[in-house]
Amino acid sequence: MNVAKSYHPNPIRRWLRRLEPVFYIGPAFLVMGVILLYPLGYSLWLSFHKWTLRTFRQGVPWVGSENYANLFSNAEFLNSLRVTFTFVIFAVGIEFFLGMGLALLLNHDLRGKGLIRSIILLPMMCTNVVIGLTWRLLYSYDFGIINFYLREIGLMPVEWVASPKIALTSVIIVDVWNTTSFVALMLLAGLQSLPDEPFEAARIDGASSIQTFFFLTLPLLRQTILVALLWRLIDTFRIFDVVYLLTAGGPARATETVSIYVYRYGFQLFNLGFASAASYIMILIMLVIAAILARAIGRLEA
Amino acid sequence: MNKNRLFAFMAILVIASMLFACAPQPTEAPVEATEAPAAETEAPAATEAPVATEEAMAGTYPEIVVACWSGPEHDNLVKVAAEYEKITGNKVIVEEVAREAYYDKLTTTFVGGGSDYDSAYVMSDWIPGWVEAEALKDLTSFIEDPNVVMEGFDPAVFGKAVDFFSFDGKLYVYPSEGDTAWLWYRKDLFEEKGLKVPETWDEYLEAALALNNPPDIYGTVIGAKQDEAWWDFMYYVYGMGGDLLDANYNPIINDEKGVAALSFYTDLLQKHKVVSPDVTTFGYNEILTSLQEGKAAMGIQWMAATQTLTDCSQSPKVCKDGAPLLGYALPPGIKKDDGSIERHTGGSQWGWAIPTGSQNQEAAYKFIEWLTSKEGAKMWALNGGIPGNIDALKDAEVVAQIPQFAMLAEVMPYRSIFPALTVSPEMLPVVNEGIVAAVSGLKDPQTAADDIAAKLVEILKSGGYLQ
């Protein structure tokens, strides 16, 4: 900013001018404070207190770290952690490999590339409620179109969301269907921003396409890959709506992620202290994952 | 200079809009918000009661919003609320809430002191917790106020149902929909196979095995959905003489009768395979669809579904020549030595309550008072509902038009419902989880029942019901 230009003889106007940035960022800070910091602070406070529907009128006593300690001896919470990690590892892993394949495919000069790109983006445009309800119908044992075609070709129909052994796989399939295109899109953007020179040099040196991919494309794309993974890991870790609509965490808690566990304890059992503690554990895990990836991205940038 | 003025104007605009956004909203706000979708869609999420075609009377009370879960009760309420509006001129907005989220949504709103709803359709086992959380307005204060209460009103007209809703001498809910379930069966298929309608559980299984022809049609249908399993299983456990708790609140679901019932229920899927393999995703709606689509030869389903299942326009696949193919009977019982059938069954008890957060409590009271009076309850019954008002239940016109009420009267003395305790909302998920674990084969019925009982003991102790 040009100081000489912004000087004004009127001291009030000068003071107002100095305050100008506060007006720009103030509303954003105020909104963030109200909608983010206050709930975060209140839920942290709750996590150290006993708040249940039955007892809160008699008081909300301080229980220290009891809620946190109880969580780690709670089999249901440990199960939800196991389910969440299984879901995240498989969903993000598959999405990454499929997304990379799609991105490499779309990076070539294909006929109808624009159409293919539009088609693969379609799942991303659907709202999660629509996705959950649609897949629930598709997965229906008796009325679903998937089982209909399986029967048509002489295969046994599958209990997609009814069997505790298969339900989590079914949920992973939906997530992969929904967000692979997002990963592909990010990686494609990364591929298209890579410089041509190293690839030309590799070609002149006689590198095969596999060598080029592993020793050139992947290292150059590492930063984009880490950003895509970071985004997907956070998004997948906190997944709620699609799973809730598909299975509500069932059958027999086979698909109960930490988010659904928190919802159940918070808004069905109304044990808000316990649910808050669980949500803070979830935030901590996400922060650790995010910090590791962010640090890796930072190193690459440096 | 112009820039400065523009900046100052923008800043004032932003601050003013934020202040307006943070200011408390008038009670009309949810009404306005709920009216819009009703105008846009045929199946409204929130439905304004149809305006009376005759000349509109000016109402004495302000507009109220009543919450009801999806299904026949909501459809019925829309019709009956329209009649109320026609008679009194008082406007009622009916807001439909999905079944899965109904309890969560009401509890969050009521306990938080929200004024979104002036009244709601509520179930007995939710009430003690809400009363303890001071989330419900007691109706006794209105009943004792001669300026408010209807002339000649007597809560005795609800019979014993008021016991489910009275705490410390105060009544919190006006009863309605004291219901149960029937054994629905395909008359044509039973006739074709020469089977008689099952009176005992052994006959039930025999019929299911005889009629089972998957994937075209299953012998029967059961429900074991994560959040609804108890509401389908209870007809089996009560019907076989078992129970959840004894008179002293001790869990007895894992006694001989309880385990036998859970084994029977589980075996329908795991051993006999006479139900669809995905019954762990079945609740009220899925069982209804199964019967409507002709995918099940029989099944136990709530009497609230009667109108849907016997109406050929709603269930054309189970109709022939304009007549329904589905018949209904009492669920099976236990055959005694003298050959008679000893019956026990389940059910639920619903009613109408007013949250303490409502800004229009008197208006809401007048509506639910009318809705459960003989006049309103009769209308409720003739539109497919089950009245809690005994005078309406015995009304000649109602009895003539709805024959199942005679069966309901027969069932009422031996009908059990889920215990209405302050810990009920914590107990129900534990029971559901155990049933699902058994039906899906993750646990054997004895282990599942033992686990349920052990967890219930902990919950009941925390609520002070057990030492």
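Helices (H or I, at least four residues) and strands (E, at least two) are taken here as DSSP runs, numbered from the N terminus. The structure is a predicted model, in which local features need pLDDT of at least 70 and side-chain atom pairs count only at pLDDT 80 or more, while totals for chains, interfaces and linings use all residues. Residues are numbered from 1 along each chain as its sequence is written, and chains are lettered from A and ligands numbered from 1 in the order in which they are written.

In chain B, the secondary structure comprises 19 helices and 15 strands. Of the 467 residues in this chain, 49% are buried, a residue being called buried if 20 or more other C-beta atoms lie within 10 Å of its own, exposed if 12 or fewer, and partly exposed in between, with C-beta atoms placed from the backbone. Two residues are in contact if their C-beta atoms, placed from the backbone, lie within 7 Å; among the contacts in chain B between residues at least 6 apart in sequence, 73% join residues at least 24 apart.

Chain B is divided into domain 1 (33-136 + 138-171 + 348-414) and domain 2 (181-345 + 423-462), with bounds that come from an automatic or database domain assignment. The centres of domain 1 and domain 2 of chain B, taken over C-alpha atoms, are separated by 29 Å. To the contact between them, domain 1 of chain B brings 15 residues and domain 2 of chain B brings 12 residues. On the side of domain 1 of chain B that touches domain 2 of chain B, two or more residues come from each of helix 3 (72-88), helix 5 (127-132) and helix 17 (404-411) of chain B, and helix 17 of chain B provides the largest share, four residues. By class, this side of domain 1 of chain B has eight nonpolar, four polar and three charged residues, where Ala, Val, Leu, Ile, Met, Phe, Trp, Tyr, Cys and Pro count as nonpolar, Asp, Glu, Lys and Arg as charged, and the others, Gly among them, as polar.

A nonpolar core is a set of buried Ala, Val, Leu, Ile, Met, Phe, Trp, Tyr and Cys residues joined through C-beta atoms within 7 Å. The largest such core has 191 residues, of which A:A278, B:V66 and B:I435 touch the most other members. Helix 8 (residues 167-192) of chain A gives the most to this core, with 10 residues. Because domain 1 and domain 2 of chain B both give residues to this core, it lies between them. When neighbours within four places in sequence are left aside, the contacts of B:V66 include B:L77, B:A81, B:Y117 and B:A120.

Where chain A meets chain B, the contact takes 23 residues from chain A and 31 residues from chain B. Helix 2 (11-47) and helix 12 (258-268) of chain A each supply at least two residues of the chain A side, and helix 2 of chain A gives the most, with three residues. The side of chain A that touches chain B has 15 nonpolar, three polar and five charged residues.

Strand 15 (residues 348-353) of chain B is largely enclosed by the rest of the structure, because six of its six residues are buried. From this strand, B:S348, B:W350 and B:W352 point one way, whereas B:Q349, B:G351 and B:A353 point the other way. Two strands are said to pair if DSSP finds at least two bridges between them. Strand 15 of chain B pairs in the antiparallel sense with strand 4 (residues 119-123) of chain B over four bridges, and B:V122 has B:G351 as its bridge partner. Strand 15 of chain B also pairs in the antiparallel sense with strand 7 (residues 173-179) of chain B, over six bridges, and here B:S176 stands opposite B:W350.

An open sheet in chain B is formed by three strands in the order 9-8-12, with antiparallel pairing. Its edge strands are strand 9 (298-302) and strand 12 (326-329) of chain B, each of which pairs on one side only. Strand 8 (residues 181-186) and strand 12 of chain B pair over four bridges, with B:R186 opposite B:L326.

Finally, B:P215 is found in the loop between helix 8 (201-211) and helix 9 (229-239) of chain B. This residue counts as partly exposed because it has 13 C-beta neighbours inside 10 Å. B:P215 and B:K295 are 80 residues apart in sequence and 8.1 Å apart in space, C-alpha to C-alpha.
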